[in-house]
Amino acid sequence: MTVSTTLTTIPEVRRLRGLEMPWNRVVQASSDLPFAAAARALDPWYPQEFLAECVQTIPEAGGMLTMVMRRTDGAPLAFRSGQYLNIAFPVNGPDAEPVSRSYSLSSAPTEPWTFAITVKREEGGTVSPWVHENIRPGAVLEVLGPVGAFHLPDYDRRARYLFLAAGSGVTPLMSMIRTIHSLPGHADVVMLYHGAAPGTFAFSHELEHLAAVDSRITVYYSLGDRSVPGTWEGMVGRLTAEMIDTVVPDANGRKVFACGPEGYIDVAADLLTKVGVDDTSIFIESFSGTPETALEYREEVALAGGIAEEMAAAQDAAREAPADVVDPPTGSLDLYRIAELNTPEDDGGAPAPLSPSPSSPAPSSPAASDASGPADPSTFEVVGEGSLTMSFLRTRLNVRIDPQANVLDAAREAGVRIGANCREGMCGSCKVIKISGEVDMNHQGGIRAREIDAGKFLPCCSTAQTDLVVDA
């Protein structure tokens, strides 16, 4: 009897250091591996439009309600912990135009077959009271997402975090802390959670359990400036530099994720710089209903919807393509990765962007253009000093730079909007397209060879070798 043996090449194993999201390796796997296609279903890069059914509602402390949902098409929901969904609610009846709101995901993406949002009831609000009174298991809603650049990195070899939460701002941080608990690896997480009164801290029982069973997690509570009842054992007082130093004397060595009302976030951002946290390590989501954030909300949701439509069209084209066509057509999807999107909400728990959002929809080709045709760098304003010029087509700005200067630093200083998390070439969140020119890039796995061949690069770990034209 002859036995035929086929050997499969096993990819090199990278030792786990720090924290790594489960999709980080599988989505980079060779397409020849049997699980690669299925793994890419969990690649959380772009928003989609889909229907979701409520399967459970859970009352939470502090006037909040968790809605556990699942996609009606049976697919998993791939997202990054900290992101949010835009949901259409039929508050005026099934025949009227639905009212859309954005709510942070509070569940962990490591359990993708169901997902959860948590809604705080705001008296006088249009949507949140209706949600509390009407959403029950079996309700089906239209959903767009995931959206948002406020999320944990895909890979963090030094996973040391400080989470600052106030009120309903705990919801995206709850997703993060649940995610970290569900994953192996070294991590050090401290959460400081401000609430109005004892008994109003949502998820407090679960947080206490996680802190008890997971040595990587520590949780502190504070009542703000409220009076102290006799049974209260937590902290008291509004957020101060001294309070931050008390819970994390090493704050300047951590990434900080802060979420809450606008006033709280403003104070947090100021205090974090005072205790030595570098601004590149501060990630902020502000739950605000100001007119400015409402405008940004409309613009960014429209942009996310455009990306979802493009991706759906690309998938349809791929299904209809001849068998020898491997790659589906792509357009502006690659130019507006989801890491650049961040949306506010105007009714109890709305995220607002940390930085301005793109003001125009994505173009249909890699070359930036407007109604009058392709952008002409020779007409752009020139800023900075240096021997080389970086032309940013979307921003319409020429930035002078020296060859040894970091591309991302120079771009941000000039006002060019490029998202970034790790700043070490690991997470890939700053990835942009280089139309022309050469760079020296020293990345740590945050970009694939085929992406480099397609003209993409990571500004966070690059220096310019020649004049550059960049789609940003």
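These are my notebook entries on a predicted model of one protein chain.

**Ground rules**

I number residues from 1 along each chain as its sequence is written, and I leave hydrogens and water out, with side-chain values resting on heavy atoms. Since the model is predicted, I take local features only at pLDDT of at least 70 and side-chain atom pairs only at pLDDT 80 or more, while totals for chains, interfaces and linings use all residues.

**Confidence**

I looked up pLDDT, the predictor's confidence in each residue, from 0 to 100. The chain averages 81, and 75% of the residues score at least 70. Residues 3-11 fall below 50, and this stretch has 3 contacts in the model beyond near neighbours in sequence; I count a contact when heavy atoms are within 4.5 Å. Residues 324-373 are also below 50, yet this stretch has 140 contacts beyond near neighbours in sequence. Where pLDDT is low, the predicted coordinates should not be read in detail.

**Whole chain**

I find 10 helices and 24 strands. Helices (H or I, at least four residues) and strands (E, at least two) are DSSP runs, numbered from the N terminus. Of the 472 residues, 52% count as buried. My cut-offs are under 20% relative accessible area for buried, over 50% for exposed, and partly exposed in between, with a 1.4 Å probe and protein chains only. The accessible surface comes to about 21600 Å², and carbon and sulfur atoms hold 51% of it; the method is Shrake-Rupley with a 1.4 Å probe, and for residues only the protein chains shown count as cover. Taking contacts between residues at least 6 apart in sequence, I note that 67% join residues at least 24 apart.

**The antiparallel sheet**

I traced an open sheet of 6 strands, ordered β5-β4-β7-β2-β3-β6, with antiparallel pairing. Two strands pair if DSSP finds at least two bridges between them. β5 and β6 are the edge strands, each pairing on one side only. Ignoring direction, neighbouring strands here are turned by 40° against each other on average; the axes are lines fitted to C-alpha atoms, for helices over the stretch in contact, and angles run from 0 to 180 degrees between N-to-C directions. Strand β3 (residues 64-71) is joined to β6 by 6 bridges, and Met67 stands opposite Ile117 of β6.

In β7 (residues 140-147) I checked Pro146. The peptide bond from Gly145 to Pro146 is cis, with omega near 5°. Most residues other than glycine have a negative phi, and most peptide bonds are trans.

Ser106 sits in the loop between β5 (99-104) and β6 (115-120). Ser106 counts as buried because its relative accessibility is 0%. Beyond four places in sequence, the contacts of Ser106 include Ile117, Met174, Arg178 and Phe203.

Phe203 is in the loop between β10 and α5. Phe203 has a positive phi of about 65° although it is not a glycine, and at 5% relative accessibility Phe203 is buried.

Next I looked at α5 (residues 204-213), where the buried residues are Ser204, Leu207 and Leu210. Down the axis of α5, these fall within an arc of 125°, so they line one face of the helix; the arc is that of the directions from the helix axis to the C-beta atoms. The face turned away carries the exposed residues His205 and Ala212. The cover over the buried residues of α5 includes α4 (170-182), β10 (188-194) and β11 (217-222).

**The mixed sheet**

Another open sheet of 6 strands has the order β17-β19-β18-β24-β20-β22, with mixed pairing. β17 and β22 (456-457) stand at the edges with a single partner strand each, so one side of each has no neighbour in the sheet. Strands β20 (residues 432-436) and β24 (residues 468-471) run antiparallel, joined by 3 bridges, and Ser436 stands opposite Val469.

Gly386 lies in the loop between β17 (381-384) and β18 (388-392). At 25% relative accessibility, Gly386 is partly exposed. Leaving aside neighbours within four places in sequence, Gly386 touches Arg400, Ile401 and Asp402. Gly386 and Ala405 are 19 residues apart in sequence and 9.2 Å apart in space, C-alpha to C-alpha.

Last entry: Arg396, in the loop between β18 and β19 (397-401). Arg396 has a positive phi, near 55°, and is not a glycine. With a relative accessible area of 33%, Arg396 is partly exposed.
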